[in-house]
Amino acid sequence: MPSQTLFPISSSHLLPPKSSTEMMFKPLIYDDPSSTTLLLHDDHSVKPLLSRASSFNGAVTPNGESTGLHQNRRRRSNSDNCLSAASPDGTNGNGQQTIGQEVSHAASETFLLTRLFLKLLSYLGVGYRWITRFLALGCYAFLLMPGFIQVGYYYFFSPHVRRSIVYGDQPRNRLVDALCFVFGFFRLDLYLPKNSNGGPKPVVAFVTGGAWIIGYKAWGSLLGQQLSERDIIVACIDYRNFPQGSISDMVKDASSGISFICNHIAEYGGDPDRIYLMGQSAGAHIAACALVDQVVKESGEGDSVSWSSSQINAYFGLSGGYNLLSLVDHFHSRGLYRSIFLSIMEGEESLKQFSPELVVQDPNLKHIVARLPPIILFHGTADYSIPSDASKCFAETLQRLGGKAEVILYEGKTHTDLFLQDPMRGGKDEMFEDIVSVVMGDNQEVVGKSVDRRRLVPEFMLKLAHWVSPF
């Protein structure tokens, strides 16, 4: 694994989310002078920069001794389950839809997302920041379109992708949750390895990004395709976005998805004792909140649990933010205005509750430190959407509290380089290899395997996309 910087982490607690999934949207009064004011309601009806050359390989104990990050990882027995085979009629026996049903489902989702996008624009108003970013986004998408088309083809037609597996409970809040259920917000996608031999496979549970507004499970298809080629199952979890839900709903949805994976992944050939949790951007924040919240519940400080944090071998955070109080002004300057961000996060008083970096510093919850898995954070030093300081500060906090953590910085990489442009270049992907070396660390044959990944987008288009990216 490439050199990296390791910090010890701690744990603490994430206060339980509000007791109800219903949300009262507060008046949205924007600081941007061109925005409008709207009211929504729910009536219940419905380090200095770290170099990759500097590295620790273990956590520091209170006695000053160093232990390897992965040295004490528990050895777990594999189950005998094999990959489920698709049935002759084209379905998988687990409720996966046929192509016709998928098309109908996609059309319904497109209609819903379009309507929500128009509603969101009415919240934001027509400000110059949003106009310029929208134009930049159009150019960015056009430049990467050759790659998007190829990834989309794989997503819809590969026999190794199980799309829209329902993971959530039955609708709980009448029309609102019913719409979420019907239109796919309680579903996940599975990316299965071509090789079903060799026993149960390790699993990466992935929570996609999207500024808490446009997250969608299909955004992880490129990552899923890559990791499945290395004998790793990837589960991309969907969750409600704003304005369908606020942050507590998103954390609850992500936790439900993780619970499904922990309890049912063996049915798809996965190893329930080798599960890794990963999130990107806003998804990294949501996944971190779900993990810390779970640890709190297991310590007896919260509700009942349906999955165990001990099943999570490590947490991978890609370009995430973990201290919302320090990011509010930054997001506002980038166009995610303070008022809408506070609405997403259920008010300024909830920012600390949903900031893992702040939660773990609660002196009353040091007894849950041992329950947290190793934390591995990836970040580009040229990330302007969420500065790399967000990952560095989180890791330093965890180090100070005596836990295990690791941060890997990639010089000159932006918010989207690591997740989109670099994988579309083909060849060897630095961050991708870092993930594989952790997940498959005990399988040197797979770690050392050379995968000839083809280029999806010409280099000049990737360089242009790097410069015009609005993220």
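Where does proline 243 lie? Proline 243 is in the loop that runs between strand S7 (233–237) and helix H6 (247–264). Helices here are DSSP runs of H or I with at least four residues, strands are runs of E with at least two, and both are numbered from the N terminus. The peptide bond leading from phenylalanine 242 into proline 243 is cis, with omega near 15°.

Some ground rules before I go on. This is a predicted model, in which local features need pLDDT of at least 70 and side-chain atom pairs count only at pLDDT 80 or more, while totals for chains, interfaces and linings use all residues. Residues are numbered from 1 along each chain as its sequence is written, and side-chain values use heavy atoms, with hydrogens and water left out.

Next, helix H6. Its 18 residues should span 26 Å at 1.5 Å a residue, and its end C-alpha atoms are 26 Å apart, which agrees. The expected span is 1.5 Å times one less than the number of residues. Of those 18 residues, 14 are buried, so H6 is largely enclosed by the rest of the structure. Buried means under 20% relative accessible area, exposed means over 50%, and partly exposed is in between, with a 1.4 Å probe and protein chains only.

Valine 251 is in H6, and is buried at a relative accessible area of 2%. Leaving out residues up to four places away in sequence, valine 251 touches Ile286, Cys289, Ala290 and Phe354; contact means heavy atoms within 4.5 Å. Valine 251 and aspartate 293 are 42 residues apart along the chain, and their C-alpha atoms are separated by 8.7 Å.

That leads to the cores. A nonpolar core is a set of buried Ala, Val, Leu, Ile, Met, Phe, Trp, Tyr and Cys residues joined through side-chain atoms within 4.5 Å. The largest one has 69 residues, and those with the most contacts inside it are Leu190, Trp212, Ile261, Ile286, Tyr315 and Phe341. Helix H7 (residues 282–301) supplies the largest share of this core, ten residues. Apart from this core lies another, of 43 residues, including Val161, Val204, Ala218 and Phe432.

Tryptophan 212 lies in the loop between strand S6 (201–207) and H5, and is buried at 4% relative accessible area. Its phi is positive, about 65°, although tryptophan 212 is not a glycine.

Serine 281 also has a positive phi, near 60°, in a residue other than glycine. Serine 281 sits in the loop between strand S8 (270–280) and H7, and is buried, with a relative accessible area of 10%.

Now helix H3: which of its residues are buried? They are Gly147, Val151, Tyr154 and Tyr155. Seen down the axis of H3, the buried residues fall within an arc of 100°, so they line one face of the helix; the arc is that of the directions from the helix axis to the C-beta atoms. On the other side of H3, Ile149, Tyr153 and Phe157 are exposed. The cover over the buried residues of H3 includes strand S4 (161–166), strand S5 (187–191), helix H5 (221–228) and helix H12 (417–424).

Strand S4 contains serine 164, which is buried at 4% relative accessible area. The side chain of serine 164 makes a polar contact of 3.1 Å with the side chain of lysine 217. A polar contact is a pair of N or O atoms within 3.5 Å; within protein, one must be able to donate a hydrogen and the other to accept it, and residues adjacent in sequence count only if both atoms are side-chain atoms.

Serine 469 is buried at 13%, and its side chain makes a polar contact with the side chain of threonine 416 (3.5 Å). Serine 469 and leucine 143 are 326 residues apart in sequence, and 10.0 Å apart in space from C-alpha to C-alpha.

Last, the cysteines. How many disulfides does a search of the whole structure find? The count is zero, where a disulfide is a pair of cysteine sulfur atoms within 2.5 Å. Cysteine 139 is partly exposed at 43% relative accessibility, whereas cysteine 262 is buried at 6%.
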